[in-house]
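Please read each numbered point with the structure in view.

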Amino acid sequence: MLLRMNDLVSRKTLLSLAEKNSLRAQLKYKRQHGPDKPFTSFTGETYEMINEHQGQGFRVVIESLQKAPAHVAFHAESLGIGVEWKYYYSLELKQAFYGKSMELASKGSLHIEFPKYGDHITYNLPTTCVHNIVFGKMWVENYGDLEFTNHATGDRCLFTLQKSGWKTSKSDVGNVRGVIMDSKKVLKGEIGGNWKQEMHYKRAGKPPMEVWKTKPRAPQSATHGYQLSHFALQLNNEVPKQERQRVAPTDSRFRSDIRAYEVGDFKKADQLRTKLREKNDMITGTYTPRWFKKYRDPTTKEHMYAFTNQYWSHKNTQDWRGSPSLF
């Protein structure tokens, strides 16, 4: 839909709302098996995904650059005739503990490019807080200020996500207020609603219209799937035997500890995780990214990692020499 819109403001509005939709998956995360240590990614671990139908779709490569603090590089691009869009980032995760809660903040910008229109948009992620990490019902909220900037035009979209607190009612948690301005700071539209329920967009001088609304999930999804969507639940499906030579041996789907956890063998999963972590500690601190290269982004002036495109050529030749032995 974004690519069919010639109106810059409409493209930017839908893009910013798509980011709010990603927060919905965290809404009702529940503790299912006690306060276990999570399965964090190992240094050098990768993940690939190709979603293609009739010559259209997208492909993704992710590489874990560092285990602690977590640092990951991500690159996604459209498939088809020409690259219609690119989405990429390299983020470092910062953690802070406050007794019963844990706050997660990311360092780095996320980039989206639409070559057809010359758009280059960057934005930041909100702060995520996980409450009741020791006792009680665990729940997650996102809050803070977000800014979407189109560096080609100077247009900006500014958001504020409401934080919970003694001055905030439960119904207000998740509220979003945002404005869209052009390079001359002229108001072009407003966005409002709640990222847990629905969002609406109001163009200057026109009535508001609903542009996104959540759908109820099946009860079994809440019980067994940690509120993940059907699409997300399939991301860790085992790689078919006939495809295993065409997937990097560092791919997350080859992790035996996570596979054991999925089938409910928690004791075995913990044992395997400890063994793999000790093995991974041997390369942590000396690892050189395999598929990404460090550079200074000319737009944001930030140091980040760019995708080298070599992953796909190695996939075609099934040549994974140089990849670390992780699993």
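1. Confidence. The term pLDDT denotes the predictor's confidence in each residue, on a scale from 0 to 100, and a contact means heavy atoms within 4.5 Å. Over residues 25–37 the pLDDT stays under 50, and for this stretch the model has 32 contacts beyond four places in sequence. For the chain, the mean pLDDT is 82, and 82% of the residues reach 70 or more. Over residues 1–5 the pLDDT is below 50, and this stretch has 15 contacts in the model beyond near neighbours in sequence.

2. Basis of the values. This is a predicted model, in which local features need pLDDT of at least 70 and side-chain atom pairs count only at pLDDT 80 or more, while totals for chains, interfaces and linings use all residues. Residues are numbered from 1 along each chain as its sequence is written, and side-chain values use heavy atoms, with hydrogens and water left out.

3. Overall architecture. The chain contains six helices and 16 strands; helices (H or I, at least four residues) and strands (E, at least two) are DSSP runs numbered from the N terminus. Among contacts between residues at least 6 apart in sequence, 48% join residues at least 24 apart.

4. Burial and surface. A residue is called buried under 20% relative accessible area, exposed over 50%, and partly exposed in between (1.4 Å probe, protein chains only). Of the 327 residues in the chain, 40% are buried. The chain exposes about 18500 Å², of which carbon and sulfur atoms supply 54%; accessible areas come from the Shrake-Rupley method with a 1.4 Å probe, and for residues only the protein chains shown count as cover.

5. Nonpolar cores. A nonpolar core is a set of buried Ala, Val, Leu, Ile, Met, Phe, Trp, Tyr and Cys residues joined through side-chain atoms within 4.5 Å. Which members of the largest nonpolar core touch the most other members? Of its 24 residues, they are Phe-148, Cys-157, Phe-159, Leu-161, Val-176 and Ile-191. A second, separate core of 13 residues includes Leu-65, Val-239, Ala-248 and Tyr-305.

6. Aromatic pairs. A search of the whole structure finds 12 aromatic pairs. Rings of Phe, Tyr and Trp (its six-membered ring) pair if their centres lie within 6.5 Å; planes under 30 degrees apart count as stacked, over 60 as edge-to-face and the rest as tilted. The pair Tyr-123 and Phe-148 is stacked, because the ring centres are 4.5 Å apart and the planes are at 15°. Tyr-123 lies in strand β7 (residues 119–123) and Phe-148 in strand β9 (residues 139–150), so this pair ties together parts that are 25 residues apart in sequence. Both Tyr-123 and Phe-148 are buried.

7. An edge-to-face pair. The rings of Tyr-311 and Trp-312 have centres 5.2 Å apart and planes at 85°, and the pair is therefore edge-to-face. Tyr-311 is buried, at 1% relative accessibility, and Trp-312 is buried as well, at 8%. Together with Trp-291 and Trp-320, Tyr-311 and Trp-312 form one aromatic cluster.

8. His-75. Is this residue, His-75, buried or exposed? With a relative accessible area of 9%, His-75 is buried. His-75 is found in strand β3 (residues 71–79). Its side chain is joined to that of Glu-77 by a polar contact of 3.2 Å. A polar contact is a pair of N or O atoms within 3.5 Å; within protein, one must be able to donate a hydrogen and the other to accept it, and residues adjacent in sequence count only if both atoms are side-chain atoms. Beyond four places in sequence, the residues that His-75 touches include Arg-59, Tyr-88, Phe-292 and Phe-307.

9. Loops and backbone. The peptide bond from Ala-68 to Pro-69 is cis, with omega near -5°, and Pro-69 lies in the loop between β2 (56–66) and β3. Lys-185, although not a glycine, has a positive phi of about 65°; Lys-185 lies in the loop between β11 (175–181) and β12 (187–194) and is exposed, at 62% relative accessibility. Pro-207, in the loop between β13 (198–203) and β14 (209–213), is exposed, with a relative accessible area of 66%.
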